[in-house]
Amino acid sequence: MVLLSLILLPILLLLLLYFIVRPRPVTILIKNRHVFITGGSSGIGLALAHQAASQGARVSLLARSLNKLQEAKESIRRSSGLDVSIFSADVRDYDAVQKAVNDAGPIDVLVVNQGVFVPQELDKQGLDEIKFMIDVNLMGSFNVIKAALPLMKERKDRLPASISLISSQAGQVGIYGYTAYSASKFGLRGLAEALQQEVIADNIHVSVVYPPDTDTPGFEKENEVRPELTKLLAGSSGSMKADEVAKKALDGIKSGSFTVPCNFEGHMLAIATAGLSPERSFLMAFIEVASVGVLRLVGLFFQWNWYQTIENWHAKKNRT
Ligand SMILES: NC(=O)C1=CN([C@@H]2O[C@H](COP(=O)(O)OP(=O)(O)OC[C@H]3O[C@@H](n4cnc5c(N)ncnc54)[C@H](OP(=O)(O)O)[C@@H]3O)[C@@H](O)[C@H]2O)C=CC1
Ligand SMILES: CCCCCCCCCCCCCCCC(=O)[C@@H](N)CO
């Protein structure tokens with residue numbers, strides 16, 4: 001009897017999930033489609049551009065510095081022989097973004113990747129820096145999506161299209177030194193959950209990617225000013241190369257996954273913070289239902305470790 005229900009219950013649950021998960025699974029094609037990447041001139045965005053181009057996409061890049069854009073264009077030409085379009089604009093300037101998006105033409109796969117990060121305790125951080133992160137990471141993402149959406153909706157082929165947002169693991173859990181950054185990245189999730197309901201009827205599929213520390217030019221700069229505790233706590237998740245993150249991101253986008261983790265810790269975080277986010281895969285849904293309780297416990301152990309690290313750091317500081 002016990003044995004029977006131990007086998008029967010999971011099967012019933014799997015069956016139930018198979019019927020109820022929404023939105024339905026989808027495949028987003030990349031080949032011969034227009035992939036538009038903001039922040040595509042450096043780091044994760046540039047790695048994504050290389051990979052999308054090599055998979056046969058028509059790629060457009062948007063960033064501020066024309067110099068860096070030209071270098072990116074040249075490096076993609078060298079590696080794949082393909083030509084990408086570049087647009088110099090600041091995501092904080094809606095008119096400039098709208099002009100770039102209209103010049104680029106209808107987008108099939110929009111990757112909202114631009115981002116800035118200046119870690120610092122709220123107490124020490126200036127409001128100008130806080131506003132900078134919110135404006136570029138959150139408001140800038142609204143500008144890009146709002147500018148691109150009308151043409152995306154009107155696309156002729158009606159094939160599944162994608163809007164993806166590059167968040168961060170600091171967009172799943174608040175970390176010391178990231179009050180403004182985490183707020184900007186947590187905001188993207190709310191945007192994405194609501195947006196998915198609004199654009200599902202247009203066959204547009206939303207993904208949010210959550211990378212850990214990633215070896216990029218931006219990360220190198222961040223490390224010059226990163227508080228010691230930020231470094232210690234963020235070290236709970238392993239770091240990755242931009243190419244690896246880009247590969248995870250592109251695979252996640254192609255499978256239309258709403259939540260896209262990048263490493264093992266990311267998979268744990270995704271389950272622990274699943275909340276009410278959509279899930280297309282009944283297998284993933286099964287794993288979530290089965291393990292969310294245990295992962296809450298694991299999460300509490302991480303918090304225990306983090307608060308201990310913070311306590312020890314203060315104790316050591318007071319001694320010297
Ligand atoms: N590296 C990491 O450790 C992690 C990064 N992420 C996220 O991944 C994304 C990419 O990061 P990463 O590759 O490291 O960053 P980089 O600093 O290497 O590159 C950032 C890109 O965004 C562009 N950009 C910055 N500000 C603006 C703006 N106002 N308007 C338009 N474009 C802008 C930059 O070009 P330009 O300066 O010329 O405008 C550049 O192309 C970010 O959203 C970041 O938060 C998430 C987790 C970890
Ligand atoms: C349930 C168990 C979960 C266990 C895993 C917890 C690990 C959390 C680590 C968070 C790391 C945040 C890195 C932010 C990187 C980033 O965005 C900056 N480099 C700026 O770009």
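Let's start inside the sheet: Ile37 has Leu61 as its bridge partner in β2. From β1, the chain goes through α2 to reach β2, and this β-α-β crossover is right-handed. Keep in mind that this is a predicted model.

**Strand β1 and its neighbours**
- β1 and β2 (residues 58-63) run parallel and are paired over five bridges.
- On β4 (residues 109-112), β1 has another parallel partner, joined to it by four bridges.
- Ile37 turns up here too, standing opposite Val111 in β4.
- β1 itself spans residues 34-38 and is mostly covered, with five of its five residues buried.
- That goes for both faces: His34, Phe36 and Thr38 are buried on one side, and Val35 and Ile37 on the other.

**Around ligand 1**
- The shell here holds 30 residues, and the closest are Gly39, Gly43, Arg64, Gly115 and Gly218.
- Elements giving two or more residues to this shell are α2 (43-54), α5 (127-153) and α7 (217-225).
- Sorted by class, the ligand 1 shell has 15 polar, 10 nonpolar and five charged residues.

**Around ligand 2**
- Ligand 2 has 21 residues around it, with Phe117, Ser168, Ser237, Ala272 and Gly299 coming nearest.
- Here the elements that supply two or more residues are α7, α10 (264-272) and α11 (282-319).
- By class, the ligand 2 shell counts 13 nonpolar, five polar and three charged residues.

Key: Residues numbered from 1 in each chain as written. Chains lettered and ligands numbered in written order. Predicted model: local features only at pLDDT ≥ 70, side-chain atom pairs only at ≥ 80, totals over all residues. Near = placed C-beta within 6 Å. Nonpolar A, V, L, I, M, F, W, Y, C, P; charged D, E, K, R; others polar. Buried ≥ 20, exposed ≤ 12 C-beta atoms within 10 Å, placed from the backbone. Pairing = 2+ DSSP bridges. Right-handed = clockwise from strand over helix to strand, strands pointing away.
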